[in-house]
Protein chains: 2
Amino acid sequence: MEGHPYFPQDLKLPGFVPNFTSASSILGIFAAAFAVVFSVSWILPGLFTKTTKLERLLICWFTITGLIHIIVEGYFAFTPDFFKDKTGFYLAEIWKEYSKGDSRYASFDSAIVAVEGVTAVVWGPLCFLAAYAIAAHKSYRYVLQLVISLGQFYGLVIYYITAFLEGDHFSSSPIYYYAYYFGANSPWGVIPFIIIVRCWRKICESETRNKIKVK
Amino acid sequence: MEGHPYFPQDLKLPGFVPNFTSASSILGIFAAAFAVVFSVSWILPGLFTKTTKLERLLICWFTITGLIHIIVEGYFAFTPDFFKDKTGFYLAEIWKEYSKGDSRYASFDSAIVAVEGVTAVVWGPLCFLAAYAIAAHKSYRYVLQLVISLGQFYGLVIYYITAFLEGDHFSSSPIYYYAYYFGANSPWGVIPFIIIVRCWRKICESETRNKIKVK
């Protein structure tokens, strides 16, 4: 195969094999998996513990983001030559498609791999622990959510700053730029931020309550 | 000036001007500044508030690391051409010297600049807030220390992983590799980690104490 759909066009990707699956099919499979995981993680904790609606939403979030970190991002971080995949393997298809929004994935940029690697290996498993901690009302539930969310948010900041510093020319078209590069990442720009603020407040409240009681 | 002392040797640094100051002088000035800041930040809070020795040590740490973030790292993150400095300016001298341990500073590598920029602009000022919060026993003191320390630690992890992924060939000699690349960064590999563990425990203890009291 000659050539690839990524920008900058002079990017060298010897052995590149184009997508087998259309963008809408990739998204469709993702949406179906999302719906299944969301439903299970919404219903399951309710059967075993008393949880508020907000807690169940948080359990859904940490289950879904944890699975994405470990499976989707984990596959990328340890598969430098995913763009050569000839089998139509779904995870390779995802990253071939996403690279149209940011070719630094196809070129296995070290900053991206470092952030994705830490996300897959550290934050991913901790997300499941967070889901458990919320369901079981563990004393570390707020601090753990805060740690993970800060890690996710900082990772995203590094992701955007490095692209900006290198000229922000990694997207094949404005549609990919806004839909993939910004759109697909937007949940991790918003949700971790909200969780950080909430957990910060919860931790401070707990500290203040103790102070008052000690007096 | 032709040539530079950095590795890899084919690194292009047009307009490079060598160090004016010896490594020992750079270190001497740094040590003197360290001693002054340490002494002041050790003595000062004791005059105004009741603090334990550990709290005063933490105040010293956050004052020193905050100043380093804002002044030393802040200068680097916003001075892409420090290696051309002809005036012998101390901060340029520091980075010209440090680049012998990691030439990605001289080449203004985007991952380094992103991490150093966030460290200078976000963690730096927050360090001063942390020093104040510890002295004033604010309810957010533990969570703030944890957030900063996690940011510092994650930054260092990205720093090492990116170097590793790119072949770890940025040091001029084994001495610079161990003294600068590892040695100079070692405080940020150890101290933030200890602070994270301590604050995590403090936050969980506070949460547990509340639970018991509520019962």
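Is C199(A) buried or exposed? Notes on that and on the interface follow.

1. Ground rules: this is a predicted model, where local features need pLDDT of at least 70, side-chain atom pairs count only at pLDDT 80 or more, and totals for chains, interfaces and linings use all residues. Residues are numbered from 1 along each chain as its sequence is written, chains are lettered from A in the order in which they are written, and side-chain values use heavy atoms, with hydrogens and water left out.

2. On the opening question, C199(A) counts as buried, at 0% relative accessibility (buried means under 20% relative accessible area, with a 1.4 Å probe and protein chains only). C204(B) is buried too, with a relative accessible area of 10%.

3. For C199(A), the nearest cysteine sulfur belongs to C204(A), 11 Å away.

4. As for the interface, 38 residues of chain B are in contact (heavy atoms within 4.5 Å) with 38 of chain A. The two chains bury about 3,300 Å² between them, 70% of it on carbon and sulfur atoms; that is accessible area (1.4 Å probe) lost on being put together, summed over both parts. Y154(B), W200(B) and E207(B) supply 19% of what chain B buries against chain A, more than any other three residues.

5. Two salt bridges (Lys or Arg side-chain nitrogen within 4 Å of an Asp or Glu carboxyl oxygen) cross the interface of chain B and chain A. One of them joins the side chains of R141(B) and E207(A), at 3.9 Å, N to O.

Conventions:
Disulfide = S-S within 2.5 Å. Buried < 20%, exposed > 50% of the residue type's maximum accessible area, 1.4 Å probe, protein only.
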